[in-house]
Amino acid sequence: MKKLVVLFVMFALVLGVTAMAGAFQFASYAEKPFAGQTINVAMVAEPRADAIRELLPEFEALTGIRVNIEILPYSTLQEKQAVSLAAGTGVYDVVHVDCVWVGQYAGLGWVIPVDDFIANTNPDVLALDDFIPSVLAEQGMWEGKVYGLPFIQAVFGLHYRTDIFEELGLTPPQTWDELRDMAAMLSETLAERNMVGITFMGRRGVQAQCTYNNMLWSFGGDWYDENFNPTINSPEAVAALDYFQTLIPYAPEGVLTYDWAENAAAFAQGMAAMNLQWQNSAPLAQDPAQSVIVDKFNFTLIPGVMQPDGTILRTPTFGGWGLMIPVDARHKEAAWEFIVWATSPEMEVKLAHSQPGSRFSSLQNPELAARFVEYEGMLASLPIARGRPRIAAYTELADALEVAISEAMTGIKDSQTALNDANTRFGEILRAWGYLE
C-alpha cells in the first residue's frame, strides 16, 4: 500500500509539473532570483555532509545563494534542531531529519510540505521517480505528502567472506536457521585460524535494536498494532529474541560490547566469516589501511523466515536522513533550490565517494557499482526494507526495547520476561503521548 501511495504522489506531481510548464522553475539555473540570500543548513556529522560542503562553490555559482553548513554530531543535532524548531527561532533554512523523526517534525508542523515546490521544479534535475520509492517514503513523506528529499541512507544486510565461502563451497544463507547453522559450522572449521562464524552489534543501544528488528519483523512480530496497542512481547517477538541469543556462541568473545565501530573492525580484521551490519561498513572493509579483507567480501540480502508457500520473508532494517525546510525558515525558496541541487542525480554521482545515494540511477551506475561492492546488495535490499516507528514517541520506545534486548542477551532476564517488562513500558509511553487512552 505504501508503495502505491508513493507512486500516486509521484504521478500527481508529474502532472503538476506539466500543468505549470512555462512558469519559473526551480533548478533551471537560467536565472538567479535568490542571489544574495544566505541560507543556514544543519547536517549530521557523516562523510556525505563533509563532501557536500566541498562542492558548495558549484551551487553558489549556479544560483548566487550562499550556504552556511553546520555539521553536528547526532545528539547535538537532535537537540539543537528540536529546540530551534519548537521555539520557532528561524535559525535554520534546511534541517537534516533522521527518518525516525519524520513523524515528530511533520506531525508537529515543524517542517513544511514541499508539493507546491515540486510542481514548479525542473523535472530533469528533480527526477522524483528516480528515488527508490521505499527510501523516499521513509525519509521524505508523511501522511501522503512529501516533506523532503533523501540525503544519506543505509540498509542492513549480510557481509560475508567470499574467499572462505569459495574455499568451502558455500553460498550465502537464505534463512535465519541456515545462518545460525552456518555460523556454527564455520566457527568449528575456522577455529585454527582464530576465526568465528559471525559477528554483530550486541552492545545495548540503537545498533543492537536495529539488528533485532531484522529478525523481529521477519518472525512476524512488531512494536505495536494498528491501534498502537503494544505487541513487543508477542510470541513472535519472543521467538525472534530467543533466536538472536543463539548467535552469541558463534561470535567473537566480547560481541555484546560491540557497537558499529567495533563490529566493523572485527570483520575487517578477519575475525569472523560473516557480519550482520549496515551496508555502510563496507568502505571500511575495503580500506587497506584498516582491513585485511580488501576484495575478499561481499554484501547481500539479510536472511529471513521461510513461508508456507516457499518464499522467504526478509525485512532488512532501513535507516537514513532527509533534507527538509522548517516552517520558520527565512529563505524557503532558496532552501528548496539547495535541497534539489544536493539530491540531484548529478550530485549523487559526485558524492558517491563519501556515501551511497538513494536513486536507482546512481546505484545502477556501472562505474560506481564496480567501485562499491555493496551496491548490488543495496539494490536488492532497499525496495523491501522496513523502517522503525516514526511516531514522536519513538525515542522513548526505543530506549525501553534496547533495555529488554540487552537484558535478554546478557542473561539478566529471559526473553519473555524482558519483553513483558518492555511491553508494560510501551503502554505507559504510548498513553503519555496520547496514542492510547
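Modeller: The buried residues of helix H8 are Pro133, Ser134, Val135, Leu136, Ala137, Glu138, Gln139 and Gly140, where buried means under 20% relative accessible area, exposed over 50% and partly exposed in between, with a 1.4 Å probe and protein chains only. Helices are DSSP runs (H or I, at least four residues) numbered from the N terminus. This is a predicted model, in which local features need pLDDT of at least 70 and side-chain atom pairs count only at pLDDT 80 or more, while totals for chains, interfaces and linings use all residues. Residues are numbered from 1 along each chain as its sequence is written, and side-chain values use heavy atoms, with hydrogens and water left out.

Biologist: How many residues of helix H8 (residues 133–140) are buried?

Modeller: Eight of its eight residues are buried, and helix H8 is described as mostly covered.

Biologist: How many aromatic pairs does the structure hold, and how do I read one?

Modeller: A pair of aromatic rings is described by the distance of the centres and the angle of the planes. Rings of Phe, Tyr and Trp (its six-membered ring) pair if their centres lie within 6.5 Å, and planes under 30 degrees apart count as stacked, over 60 as edge-to-face and the rest as tilted. The structure holds 24 such pairs. One of them joins phenylalanine 59 and tryptophan 341, with 5.0 Å from centre to centre and 40° between the planes, which is a tilted pair. Phenylalanine 59 lies in helix H3 (residues 56–63) and tryptophan 341 in helix H15 (residues 332–342), so this pair ties together parts that are 282 residues apart in sequence. Both phenylalanine 59 and tryptophan 341 are buried.

Biologist: Which class of pair do tryptophan 101 and tyrosine 105 form?

Modeller: Their planes stand at 10° and their centres are 5.9 Å apart, so the pair is stacked. Tryptophan 101 counts as buried at 2% relative accessibility, and tyrosine 105 is buried with a relative accessible area of 1%.

Biologist: Where does the charged end of arginine 359 sit?

Modeller: A charge sits over a ring if NZ of Lys or CZ of Arg is within 6 Å of the ring centre and within 35 degrees of the ring normal. The charged end of arginine 359 is over the ring of phenylalanine 131, 3.9 Å from its centre, and arginine 48 lies over the face of phenylalanine 151, at 4.9 Å from the ring centre.

Methods. Helix = DSSP H or I, 4+ residues; strand = E, 2+ residues; numbered from the N terminus.
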